Amino acid sequence: MPRVLIFGDRPNDFISTSSKEKVDVIISRNLENAKKRVSYESFVMIIIDLENNEENGIHLADFIRTSKMQKTTPIIFISKNHNNERVAFHDYHCYDYFIKPLTPRDIIKILYLCQFKVDKDRFRRLVVFHIGTERYPVRVDDILYIEKLARKVLVHTVSGKFYVSMISLSDFVCEHSPDFLRIHRSVIVNKSHINCIIPTKSMLLLNHTDDELYIGRTFLKEVRESFD
């Protein structure tokens with residue numbers, strides 16, 4: 001079973017009981033023990049809690065990046081402040097950096113990150129969006145549609161919507177084909193959520209939202225043919 005190493009005092013804050021069914025969680029509160037495991041064992045992800053152990057946590061990260069076995073393993077830092085954030089991303093190329101207290105959304109995000117490294121099928125069904133320096137994994141099935149608004153990109157999901165860093169809609173459709181379909185130069189939709197197509201009005205309706213989406217004239221034929 002793939003393993004995750006947690007270096008810190010309160011590991012149960014980060015890994016739930018259900019996630020342990022897929023991941024073998026190794027807990028280490030001692031620096032030398034953690035370094036020994038990094039040297040001889042394989043991990044899909046390493047979580048380092050800097051609270052009450054900042055110096056040793058940074059030392060472990062440095063050791064990981066010089067380790068032949070673990071130098072490319074994703075590292076997640078957890079801290080009570082932003083003091084080490086720049087060092088974490090710049091020097092140790094960490095995958096993410098969380099600030100305590102952790103919210104339920106943070107916990108879910110950590111579990112997603114662990115699970116996509118463990119479950120290849122789940123990884124293929126995840127999209128990782130960038131918001132500033134942070135990454136937000138979202139299940140493909142949860143995305144309704146994505147629209148480009150001026151210099152921003154708005155992602156609509158079954159549970160809400162949020163702005164992300166600028167992305168190319170064309171590249172996104174190509175990368176996640178055949179799940180997504182372009183219906184306008186500024187809108188792509190998740191085909192699995194399409195409820196109704198109204199060609200006479202050049203309109204498209206989706207499940208889970210009352211939004212009426214306009215189908216661009218140059219895309220209408222392709223939209224209709226994709227469901228013939």
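Predicted model: local features only at pLDDT ≥ 70, side-chain atom pairs only at ≥ 80, totals over all residues.

Student: By class, how many nonpolar, polar and charged residues are in the lining of the second largest pocket?

Tutor: The pocket has a volume of about 310 Å³, and Arg-105, Tyr-112, Pro-137, Val-138 and Ser-159 are the closest to its centre among the 15 residues that line it. Helix H4 (104-118), strand E7 (134-139) and strand E10 (160-164) each supply at least two lining residues. Sorted by class, the lining has 7 nonpolar, 3 polar and 5 charged residues.

Student: Now the rings: are Phe-129 and Phe-162 stacked or edge-to-face?

Tutor: The structure holds 5 aromatic pairs. In this one, the ring centres of Phe-129 and Phe-162 are 6.0 Å apart and the planes meet at 75 degrees. Planes over 60 degrees apart count as edge-to-face, so the pair of Phe-129 and Phe-162 is edge-to-face.

Student: Is Phe-129 buried or exposed?

Tutor: The cut-off for buried is under 20% relative accessible area. Phe-129 has 3% relative accessibility, so Phe-129 counts as buried.

Student: Which parts of the chain does the pair of Phe-129 and Phe-172 tie together?

Tutor: The ring centres of Phe-129 and Phe-172 are 6.1 Å apart with planes at 10 degrees, so this pair is stacked. The two residues are 43 apart in sequence, so the pair ties together strand E6 and helix H6 (residues 169-175).

Technical notes
Residues numbered from 1 in each chain as written. Heavy atoms only, no water. 1 Å grid on protein atoms, 1.4 Å probe; cavity = no way out; pocket = protein on both sides within 12 Å on 5 of 7 lines; lining within 4 Å. Points joined across faces, edges and corners; volume = space filled by probe spheres on them. Helix = DSSP H or I, 4+ residues; strand = E, 2+ residues; numbered from the N terminus. Nonpolar A, V, L, I, M, F, W, Y, C, P; charged D, E, K, R; others polar. Phe/Tyr/Trp six-rings, centres within 6.5 Å; stacked < 30°, edge-to-face > 60°. Buried < 20%, exposed > 50% of the residue type's maximum accessible area, 1.4 Å probe, protein only.
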